[in-house]
Every structure is written in structure tokens, then in C-alpha cells.
Amino acid sequence: MLKNIMKSNKEKMIVDLDKDKLPKHIAIIMDGNGRWAKKRNLPRIAGHRAGVEALRGVIKTSSDIGIKYLTLYAFSTENWKRPAEEVKGLMELLVLYLRKEIGELHNNNVKINIIGDISKLPSKAISEIDKAVNLTSNNKGLNVNIALNYGGKSDIIHAVKGICENVLDNNLQIEDICEDTFSKYLYTRGIPDPDLLIRTSGEQRISNFLLWQIAYSELWFTKVYWPDFTSEHLIEAIHDFKHRKRRFGGLK
Ligand code: FPP
């Protein structure tokens, strides 16, 4: 009964969405898995597992309501500092997630893209990622960008190196480097900047996510731990977004 009420509430919230004011690109810092687990006396990996469940719902809803890009901070360049057991657990979870979900994601026309340097990931994870990216490469629905071994600073350094190489090879002139050129060297090339950045768990910081790309993103924070984040929360964030006045440094 409660589930049905929740469902109809979600449906009502979806109907109320103004399709013209939908963010085209939503980026999410999925934080709070560890604290969610701790509160339940569970190992941290149980929090990450529950986080994957939350992810499933958010991807489905984003796809249903017509969001074009969803970028998820799954593993940062700093996350290697965590205990080896947790890192291993997260990598295994990624492999399991892709194996289990890729068929349905593909059926739902979702296109998987990775941002970050995945060459440092375990080979099993790399091969599963390659399969997922290849299988979904022609899909035209929701673009899901998974940030893996990603950091905003390393994204910028990676771009600078690419630019330097092209300058040295005479393929690019220094005077032609502008913001648009620079964007093309980032892991997010071809992807519009996020309109809305969501962070869960009550922390209000960026943690080295998409530093260049969020210059004019609207920020939305919630105290909810990521495993408890539902489609209703996502829709609430989108409703809030539609009332923001975005001026991009101008006057209206
Ligand atoms: C932050 O919570 C979360 C992460 C570092 C990993 C996010 C990963 C998932 C949601 C699941 C795996 C993703 C895929 C694509 C399979 P935290 O551990 O920092 O939480 P805490 O701050 O409460 O300790």
C-alpha cells in the first residue's frame, strides 16, 4: 500500500516536471555509503552495495524523464588511499554491476561512457568496461558517464599534456587555444557542462570532481546518504533546479 502511494507520488512529481526546464546534464557525487553502513553495523562494502541499488533507480528515472547526461563519481584519483580491501571490493562491485546490468541498460538505450584514466584499474574491470562501452556505443538515450580513477585536477593536467603534444607537433597554434579548444581535451569532450550537481550525505564540497566543467553548474546538497537516495530525491532536486535563475555572469 505504502509502496503504491510512494509510486503515485513519484508519478505525480514526474508529471509536474516542466520538460522545457529539465537539466540536460546532472552530475552526482554519491557520498555517504560508508556512514550508511556504519549506522547499521555493516562493513563499508555493504554500503557500496546498497549504493549500487540506489544507482539503478536513479539511472532508470533519469532515462524515463528524458535527462540526456548523467555523470557519476564512482571512484576518484584519491580513493586509492582507502584500505586495499575496500578498493578491491569497489572494483569487484563495478565488474558485477556491469555484468549484471549491461543487458538492461542496453535495452533501455543507455550509452555508457567512462571519464578518467582506467588504465590503472584491474584488467577484469577494464575488459568489462570495454564490453559495456562497445555494446552501448550506438545508443541514443541517456548518456551515463562513469567517473573512474577520475579527478578534476588530473583531468586538467591530462588536457594540458594533450594540448602541448599538439602544439609541439604543429597541429595546434598557441593563439588558437581558447576555452572551447581546452574543453575538447578534457575527458568530457563533446559532453555539455553539468547544469546541476548533486551531492549526498550532508557534505558541501566538490572533492576534485569536474572542476573545469562545473564553473556555472547549480549545486544541490542533501543530507540523505547515497544508499537512501531515491528517484523522489532526484525529482526534488530537478524541481528545485527549475526555480534557479541562471545568469552565467550576465544580468538576466
Ligand atoms: C562515497 O561514499 C562513495 C564512493 C567512494 C563510491 C561510490 C560507489 C558506488 C555508489 C557504487 C559503485 C559504483 C558503480 C558504478 C558500480 P563513502 O564511502 O565516501 O561514504 P562515507 O563518506 O560515508 O565514508
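Helix 4 and helix 5 run roughly parallel to each other, because angles under 35 degrees count as roughly parallel. Their axes cross at roughly 10 degrees and come within 9 Å. The model on the screen is predicted.

**Stop 1: the helix pair.** Select residues 84–107 for helix 4 and residues 123–135 for helix 5. To see the contact, show the side chains of Leu-94, Val-95, Leu-98, Arg-99, Ile-102 and His-106 on helix 4, and those of Lys-124, Ala-125, Glu-128, Ile-129, Ala-132 and Leu-135 on helix 5. Sorted by class, this contact has eight nonpolar, one polar and three charged residues.

**Stop 2: Ile-129.** Stay on helix 5 and select Ile-129. Is Ile-129 buried or exposed? Ile-129 has a relative accessible area of 1%, and under 20% counts as buried, so Ile-129 is buried.

**Stop 3: the largest pocket.** Which residues lie nearest the centre of the largest pocket? Select Met-30, Asn-33, Tyr-73, Ala-74 and Asn-79, which hold that place among the 31 residues of the lining. Two or more lining residues come from each of helix 2 (33–39), helix 3 (44–65), strand 2 (69–76), helix 4 and strand 4 (143–150). The space in this pocket is about 710 Å³. Its lining divides into 16 nonpolar, eight polar and seven charged residues.

**Stop 4: the second largest pocket.** Select Glu-179, Ser-183, Asp-193, Pro-194, Asp-195, Trp-212, Gln-213, Ala-215, Tyr-216, Arg-246 and Phe-248, the residues that line the second largest pocket. About 190 Å³ of space lies there. Five of the lining residues are nonpolar, two are polar and four are charged.

**Stop 5: two loop residues.** Most residues other than glycine have a negative phi. Go to the loop between helix 2 and helix 3 and select Asn-41. The phi of Asn-41 is positive, near 55 degrees. Asn-41 is exposed, with a relative accessible area of 74%.

Next, select Asn-170, in the loop between helix 6 (152–168) and helix 7 (179–183). Asn-170 is not a glycine, yet its phi is positive, at about 65 degrees. Its relative accessibility is 57%, and over 50% counts as exposed, so Asn-170 is exposed.

Terms used. Residues are numbered from 1 along each chain as its sequence is written. This is a predicted model: local features need pLDDT of at least 70, side-chain atom pairs count only at pLDDT 80 or more; totals for chains, interfaces and linings use all residues. Side-chain values use heavy atoms; hydrogens and water are left out. Axes are lines fitted to C-alpha atoms, for helices over the stretch in contact, and angles run from 0 to 180 degrees between N-to-C directions. Helices (H or I, at least four residues) and strands (E, at least two) are DSSP runs, numbered from the N terminus. Angles under 35 degrees count as roughly parallel, over 145 as roughly antiparallel, 65 to 115 as roughly perpendicular and the rest as oblique. Contact means heavy atoms within 4.5 Å. Ala, Val, Leu, Ile, Met, Phe, Trp, Tyr, Cys and Pro count as nonpolar, Asp, Glu, Lys and Arg as charged, and the others, Gly among them, as polar. On a 1 Å grid over the protein atoms alone, a cavity is a set of points where a 1.4 Å probe fits but cannot get out, and a pocket is an open set with protein on both sides within 12 Å along at least five of seven lines; lining residues have an atom within 4 Å of a point. Grid points are joined across faces, edges and corners, and a volume is the space filled by probe spheres set on the points. Buried means under 20% relative accessible area, exposed over 50%, partly exposed in between (1.4 Å probe, protein chains only).
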